Amino acid sequence: MISLFHSIITTPFYNGLILLMDFLPFFDAGMIIIIFTIIVKLLLLPLSIKASKAQLQMKGTEKDLQVIKEKYKDNKDEQSKKTLEYYKEKNINPFAGFFILILQLPILIGLYQVFLKSGLPNINTVILYSFIPAPSAVNMVFLHFVSISEKSLILAVVAGITTYFQISLANPKPAPGSEGPAQNEIATAMAMQMKYFFPIIMTFIAYTISSAIALYLITSNIFAILQEIYIRKKYHKSTIVV
């Protein structure tokens, strides 16, 4: 299974990264990582938009579902039945966003592994396709400022900050009264943990592994932030609260 994953995802991604270096030799490795991440994210954009639209659609059902829960709180079977009927009436698949995210997951893992195990500036010619030449030299100094072959506290902190804003935008505060007291407390606690603890974890990972991973995380986060803003403006006319 692992060998198959590398064959159909990791190896093609690695070759794509090296091919981009061949096409754009005037860019340093940091810029290549950013460009390559954006290309992959753009390819995934249709799926990402569908997942975000499904998530926004589900958020729009919270008040109606709460009414159903309150009305049939003493009859769980009837509550489930009415909930399914509501989804059918509104033509909503409650698992749509989840399934779409699952489809993207192997690709995102593969992209992460490419930067994690790229070995730059050394090129792994063993897994290069025959039609892709290895670059004669790889410039590892990002924008003449940071060597991505080394750790960078600055890039790690930026990765943590962008993670914070990405999570805050993706998980806005629930509308007052949209959930029951117990649900609201649990949701608020989980949101707080994600919002403040996860960026710290990402900062630690970005600093301890490599600057290449930090650049990948920063690019991914900024892309996700812009994507979320676009989707909300286009499909969900509401105030963006972080």
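From the N terminus on, the elements of the predicted protein model run α-α-α-α-α-β-β-α-α-α, which amounts to eight helices and two strands; helices (H or I, at least four residues) and strands (E, at least two) are DSSP runs, numbered from the N terminus. Residues are numbered from 1 along each chain as its sequence is written.

Of the 242 residues of the protein, 38% count as buried, where buried denotes under 20% relative accessible area, exposed over 50%, and partly exposed in between (1.4 Å probe, protein chains only). Among contacts (heavy atoms within 4.5 Å) between residues at least 6 apart in sequence, 79% join residues at least 24 apart.

The largest nonpolar core comprises 40 residues, and Met21, Phe36 and Phe115 have the most contacts inside it. Such a core is a set of buried Ala, Val, Leu, Ile, Met, Phe, Trp, Tyr and Cys residues joined through side-chain atoms within 4.5 Å. Two or more residues are given to this core by each of the helices H1 (2-23), H2 (29-59), H5 (96-116), H6 (153-170), H7 (181-208) and H8 (211-235). Helix H1 contributes the largest share, eight residues. Leaving aside neighbours within four places in sequence, Phe36 is in contact with Phe13, Gly16, Leu17, Leu20, Leu111 and Phe115. Another core, of six residues, lies apart from the largest one and includes Ile68, Tyr72, Tyr87 and Ile92.

Helix H1 has 22 residues and reaches 30 Å from its first C-alpha to its last, close to the 32 Å expected at 1.5 Å a residue; the expected span is 1.5 Å times one less than the number of residues. A kink of about 35° lies at Thr10, shortly before the proline Pro12. The buried residues of H1 include Phe5, Ile9, Phe13, Leu17 and Met21.

Gln104, in helix H5, counts as buried because its relative accessibility is 5%. Not counting residues up to four places away in sequence, Gln104 touches Leu44, Leu47, Ser48 and Ala51. The C-alpha atoms of Gln104 and Ser48 are separated by 8.2 Å, although these residues are 56 apart along the chain. Gln79, found in helix H4 (residues 76-89), is buried at 13% relative accessibility. With the same exclusion of residues up to four places away, Gln79 touches Ile68, Lys69, Tyr72 and Lys73.

Conventions
This is a predicted model: local features need pLDDT of at least 70, side-chain atom pairs count only at pLDDT 80 or more; totals for chains, interfaces and linings use all residues. Side-chain values use heavy atoms; hydrogens and water are left out. The bend at a residue is the angle between axes fitted to the seven residues ending there and the seven starting there.
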